[in-house]
Amino acid sequence: MKSSWSTDTSIIHSLDQENRHTGVISQSITPAVAYSFSNSENAAAVVLGEIEGTYYGRYGNPTTNELERQVAKLENGEAALGVSSGMAAISISLLAYLQNGDHVLVTKDVYGGTFSFLKNLAPRFGIGYDYIDCTDHDIVERSIKENTKVLYIETPSNPGLTVLDINGLSAIAKKNNLTLIIDNTFMTPYLQKPLEMGADVVVHSGTKYMNGHGDVIAGFIIGKQTEIAMMRKKIMGDLGQNLNAWESYLIMRGLKTLPVRMKRHCDNALAIAEFLEQHPAIKKVSYPGLASHPQHELAKRQMKAMGGIVSFELKGGLSSGQQFIDNLKLGLISFSLGDPETLVQHPASMTHSSIPSEERIKYGITDGLIRLSAGLEDSDDIIADLKQSLEKIANTQTRELQHN
Ligand code: LCS
């Protein structure tokens with residue numbers, strides 16, 4: 001492979017040399033669980049990691065290994081581990097750097113599953129945590145305790161789209177001997193490379209843009225070779241959170257179009273954000289690509305483009321939020337994101353409905369908040385759909401006013 005090629009080119013020509021010799025152009029799938037060895041010495045050396053090889057499917061698979069090489073290269077990391085979900089990646093990475101008695105600092109608006117893992121499971125392992133505002137570096141420094149080992153962030157965040165300064169936070173982490181873990185799901189390595197900005201470990205939900213077609217649940221951890229090897233052997237292997245060959249194949253197929261897809265997601269998201277920002281029924285739009293976003297300048301410095309997610313707030317609160325998504329004809333009501341289809345969700349009545357309203361607001365999840373994952377459709381069609389839904393709400397409100 002030519003090293004001068006851009007990511008857009010090399011991602012399409014990324015098969016390893018061994019596969020190249022067979023002449024195949026797309027990736028082959030190896031479903032085997034068990035592997036045989038020429039002798040017992042050889043088998044023992046593979047199990048101990050002294051020589052490279054595969055010995056049992058729970059610890060890795062040749063198809064998944066090829067995907068891991070591609071993902072590590074995309075993130076510019078030493079090694080990657082493919083796992084069964086984004087939450088597997090997050091839990092494995094936290095368990096790798098935290099032990100009984102340790103403490104982790106977590107950015108306050110983090111994906112709900114991460115929040116739930118820390119609230120419900122981490123205490124059983126004796127791991128303490130604090131949610132803090134990581135846009136304020138003084139707060140971060142002041143919150144570091146004697147036993148703090150990890151700083152965990154997500155940027156841009158889900159669903160608030162807060163952008164955090166990776167360079168600045170990695171400097172604080174280094175000064176205080178903390179491992180900085182970053183969830184890069186919203187950006188993908190195509191748009192943001194946290195390891196190049198000083199992060200120690202990157203995690204992904206591969207379910208979203210990396211696969212990009214809404215038909216695989218997967219996750220990735222990218223970091224140092226020895227640490228990834230430890231996570232493979234001691235955590236993923238023991239907990240059984242491996243990624244299988246078929247799903248690895250689907251992700252490799254999806255990755256070939258990652259650059260093309262991300263450009264379209266970003267273009268569509270910007271067009272949608274600009275439309276919503278000037279609409280009278282909209283109270284607030286959060287999109288890092290808008291000049292009104294509080295971290296717009298930082299986003300321009302650290303992200304190649306601004307991503308495919310737009311969050312916005314309707315003026316009418318909870319009922320308007322629900323009506324808005326119910327009226328959509330093209331946008332689908334869904335919990336996921338990063339798919340070819342435009343997906344919308346209303347956190348107050350869906351993903352975060354179990355949290356009392358006063359608590360939700362602390363994390364920026366107001367009653368009228370909508371999260372939209374811009375799909376790959378024609379942006380004119382998406383915008384026309386949003387427009388008709390907003391008009392319907394306005395007509396209903398006018399009728400209600402006339403009635404009263
Ligand atoms: N990190 C982020 C930023 C996410 O948005 C998600 C899932 C995960 C990690 C976990 O990944 P998974 O285990 O599902 O592969 N986000 C979802 C969401 O916003 N709605 O449904 C899932």
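Let's start with a pair of helices: helix 4 and helix 11 pass each other in a left-handed crossing, where left-handed means that the near helix is turned anticlockwise from the far one by less than a right angle, and right-handed that it is turned clockwise. What you are looking at is a predicted model, in which local features need pLDDT of at least 70 and side-chain atom pairs count only at pLDDT 80 or more, while totals for chains, interfaces and linings use all residues. Residues are numbered from 1 along each chain as its sequence is written, and side-chain values use heavy atoms, with hydrogens and water left out.

Helix 4 covers residues 62–75 and helix 11 covers residues 245–255; helices (H or I, at least four residues) and strands (E, at least two) are DSSP runs numbered from the N terminus. The two axes come within 8 Å and cross at roughly 35 degrees. Such axes are lines fitted to C-alpha atoms, for helices over the stretch in contact, and the angles run from 0 to 180 degrees between N-to-C directions. On the helix 4 side, the residues that meet helix 11 are Thr63, Thr64, Glu66, Leu67, Gln70, Val71 and Leu74. Their partners in helix 11 are Ala245, Ser248, Tyr249, Ile251, Met252 and Leu255, with contact meaning heavy atoms within 4.5 Å. Sorted by class, this contact has eight nonpolar, four polar and one charged residues. Here Ala, Val, Leu, Ile, Met, Phe, Trp, Tyr, Cys and Pro count as nonpolar, Asp, Glu, Lys and Arg as charged, and the others, Gly among them, as polar.

Now for another pair. Helix 14 (residues 317–327) and helix 16 (residues 379–403) have axes that come within 8 Å and cross at roughly 130 degrees. Helix 14 is therefore oblique to helix 16; angles under 35 degrees count as roughly parallel, over 145 as roughly antiparallel, 65 to 115 as roughly perpendicular and the rest as oblique. The crossing of helix 14 with helix 16 is right-handed.

Next, the ligand. It is surrounded by 16 residues, of which the closest are Asp183, Ser205, Thr207, Phe335 and Arg371; to be counted, a residue needs a heavy atom within 4 Å. A polar side-chain atom of Thr207 is 2.5 Å from an oxygen atom of the ligand. For Ser205, the distance from a side-chain N or O atom to a ligand oxygen is 2.8 Å, and for Asn158 it is 2.9 Å.

Asn158 also leads us to the backbone. A cis peptide bond joins Asn158 to Pro159, with omega about 5 degrees, and another joins Thr155 to Pro156, with omega about -10 degrees. Pro156 lies in the loop between strand 4 (148–154) and helix 8 (166–175), and Pro159 is also in the loop between strand 4 and helix 8. Most peptide bonds are trans, and most residues other than glycine have a negative phi. Asn76, in the loop between helix 4 and strand 1 (79–83), has a positive phi of about 60 degrees. Asn177, in the loop between helix 8 and strand 5 (179–183), has a positive phi of about 55 degrees.

Key:
Polar contact = N/O pair within 3.5 Å; in protein donor to acceptor, adjacent residues only side chain to side chain.
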